[in-house]
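Dear colleague,

Please find below the sequence and the structure that I am handing over to you. My findings follow directly after them.

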Amino acid sequence: MAGDILLRKNLTRIPSTFATGAMSLVNWKSDPYQTQSDRFLQEYGKGVPTAFYFMCTTEPTALDRGYDLEKSPNKDLLELVKRSGAEIGWHPSSRASNDPVVFNREITSLKKIAKSPIRGGRHHYLLWNPIGSWDQWEKVGLEYDSTMGWNDTAGFRCSTSYPFRCYSLKEDR
């Protein structure tokens, strides 16, 4: 509703916006912003090899909404991705990017809930740490990290969109 007033300067949309919001609280299927399943089906229907990254935290922060993968609509989406044979990946929360305990708790929880191999993922808000992120990923058996972008500008952090081997600054390897 604030967007109707402040951005669009359209007071006539307020009742509709309110009704849509109220209905989505009662039944998530009526939420026009719950489009993850639609996006997945579009990619899958065109034969695009798809990896779908799931966050595994229910603890909201300033940067993370948090959601429960054991409840709908997220459980339904996880099952859809799993049934299709597409890759299930991990999307670590902002807290996981700098707290090894949270990092391990989230990936362990995702592996348990998904009952599927987790090969890689991408950090939330691209909160990647060049000193320790890849070491953490390696310790829990993840094969790749697709975070290599900037969180404040467009472009590739390593000037390429091609896969490359990760390098551990701590281990010099």
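Two residues are in contact when heavy atoms of theirs lie within 4.5 Å. Among contacts in the protein between residues at least 6 apart in sequence, 60% join residues at least 24 apart. Please note that this is a predicted model, in which local features need pLDDT of at least 70 and side-chain atom pairs count only at pLDDT 80 or more, while totals for chains, interfaces and linings use all residues. Residues are numbered from 1 along each chain as its sequence is written, and side-chain values use heavy atoms, with hydrogens and water left out.

Overall architecture

The protein contains 6 helices and 4 strands; these are DSSP runs numbered from the N terminus, helices being H or I of at least four residues and strands E of at least two. Their order from the N terminus is α-α-α-β-α-β-α-β-α-β. Of its 173 residues, 34% are buried, that is, under 20% relative accessible area, with exposed meaning over 50% and partly exposed in between (1.4 Å probe, protein chains only).

Nonpolar core

A nonpolar core is taken as a set of buried Ala, Val, Leu, Ile, Met, Phe, Trp, Tyr and Cys residues joined through side-chain atoms within 4.5 Å. The largest one has 25 residues, and Phe 54, Val 81, Leu 110 and Ile 118 have the most contacts inside it. At least two residues each come from strand 1 (51–54), helix 4 (74–84), strand 2 and helix 5. Helix 5 gives the most, with 6 residues. Leaving aside neighbours within four places in sequence, Phe 54 is in contact with several residues, including Tyr 67, Leu 77, Val 81, Trp 90 and Leu 110.

Aromatic pairs

Rings of Phe, Tyr and Trp (its six-membered ring) pair if their centres lie within 6.5 Å; planes under 30 degrees apart count as stacked, over 60 as edge-to-face and the rest as tilted. This rule gives 3 aromatic pairs. Phe 52 and Phe 54 have ring centres 5.7 Å apart and planes at 45°, so their pair is tilted. Both Phe 52 and Phe 54 are buried. Trp 90 and Phe 103 form an edge-to-face pair, at 4.8 Å centre to centre and 70° between the planes. This pair links distant parts of the chain, since Trp 90 belongs to strand 2 (residues 87–90) and Phe 103 to helix 5 (residues 100–114), 13 residues apart. Trp 90 counts as buried because its relative accessibility is 0%, and Phe 103 is buried at 1%. Together with Trp 137, Trp 90 and Phe 103 form one aromatic cluster.

Cavity

On a 1 Å grid over the protein atoms alone, a cavity is a set of points where a 1.4 Å probe fits but cannot get out, and its lining residues have an atom within 4 Å of a point. The search of the whole structure finds 1 cavity of 30 Å³ or more. The volume of the largest cavity is about 40 Å³, a volume being the space filled by probe spheres set on the points, which are joined across faces, edges and corners. Among the residues lining it are Trp 128, Pro 130, Ser 133, Asp 135 and Tyr 167. Ser 133 is found in helix 6 (residues 133–139) and is buried, with a relative accessible area of 0%. Not counting residues up to four places away in sequence, Ser 133 touches His 123 and Trp 128.

Yours sincerely

Note on methods:
1 Å grid on protein atoms, 1.4 Å probe; cavity = no way out; pocket = protein on both sides within 12 Å on 5 of 7 lines; lining within 4 Å.
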